[in-house]
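Welcome! Let us take a friendly walk through one protein model, step by step. Have a look at the picture before reading on.

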Amino acid sequence: MDRPEIMANKGYESFGEHFFNEGVRKGVERERERYEAEKEALDAKRADFLRSKGVPEDVISEAMALK
């Protein structure tokens, strides 16, 4: 095993670090995808609500663009 100061100066990840970092990256990516899907679903609900109240489509599109 290398000492921490030697590992820090190598300029590359160890085997374990690589797979840990890859797991974190994939987790962040999945969380971002989930967030985007929730955001799109909420926008659709807002637009449907505005349509049910008789708001013109051009006003709805302007309202959605303000975010």
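In what follows, two residues are in contact when heavy atoms of theirs lie within 4.5 Å. Please also keep in mind that this is a predicted model.

Begin with the overall plan. The protein has three helices and zero strands, and, read from the N terminus, its elements follow the order α-α-α.

Now turn to a pair of helices. Two packed helices are described by the angle between their axes and the distance between the axes. Here, helix 2 covers residues 15–52 and helix 3 covers residues 57–65. Their axes lie 10 Å apart, at an angle of about 150 degrees. Angles over 145 degrees count as roughly antiparallel, so helix 2 and helix 3 are roughly antiparallel to each other. The crossing of helix 2 with helix 3 is right-handed.

Which residues meet where these helices pack? Helix 2 brings Asp43, Arg46, Ala47, Leu50 and Arg51, while helix 3 brings Glu57, Ile60 and Met64. Sorted by class, this contact has four nonpolar residues, four charged ones and no polar ones.

Is Ile60 buried or exposed? Its relative accessible area is 2%, and buried means under 20%, so Ile60 is buried. Which residues does Ile60 touch, leaving aside its neighbours within four places in sequence? Ile60 is in contact with Ala47, Leu50, Arg51 and Val55. Leu50 sits 10 residues away from Ile60 along the chain, and the C-alpha atoms of the two are separated by 6.9 Å.

Notes. Residues are numbered from 1 along each chain as its sequence is written. This is a predicted model: local features need pLDDT of at least 70, side-chain atom pairs count only at pLDDT 80 or more; totals for chains, interfaces and linings use all residues. Side-chain values use heavy atoms; hydrogens and water are left out. Helices (H or I, at least four residues) and strands (E, at least two) are DSSP runs, numbered from the N terminus. Axes are lines fitted to C-alpha atoms, for helices over the stretch in contact, and angles run from 0 to 180 degrees between N-to-C directions. Angles under 35 degrees count as roughly parallel, over 145 as roughly antiparallel, 65 to 115 as roughly perpendicular and the rest as oblique. A crossing is left-handed if the near helix is turned anticlockwise from the far one by less than a right angle, and right-handed if clockwise. Ala, Val, Leu, Ile, Met, Phe, Trp, Tyr, Cys and Pro count as nonpolar, Asp, Glu, Lys and Arg as charged, and the others, Gly among them, as polar. Buried means under 20% relative accessible area, exposed over 50%, partly exposed in between (1.4 Å probe, protein chains only).
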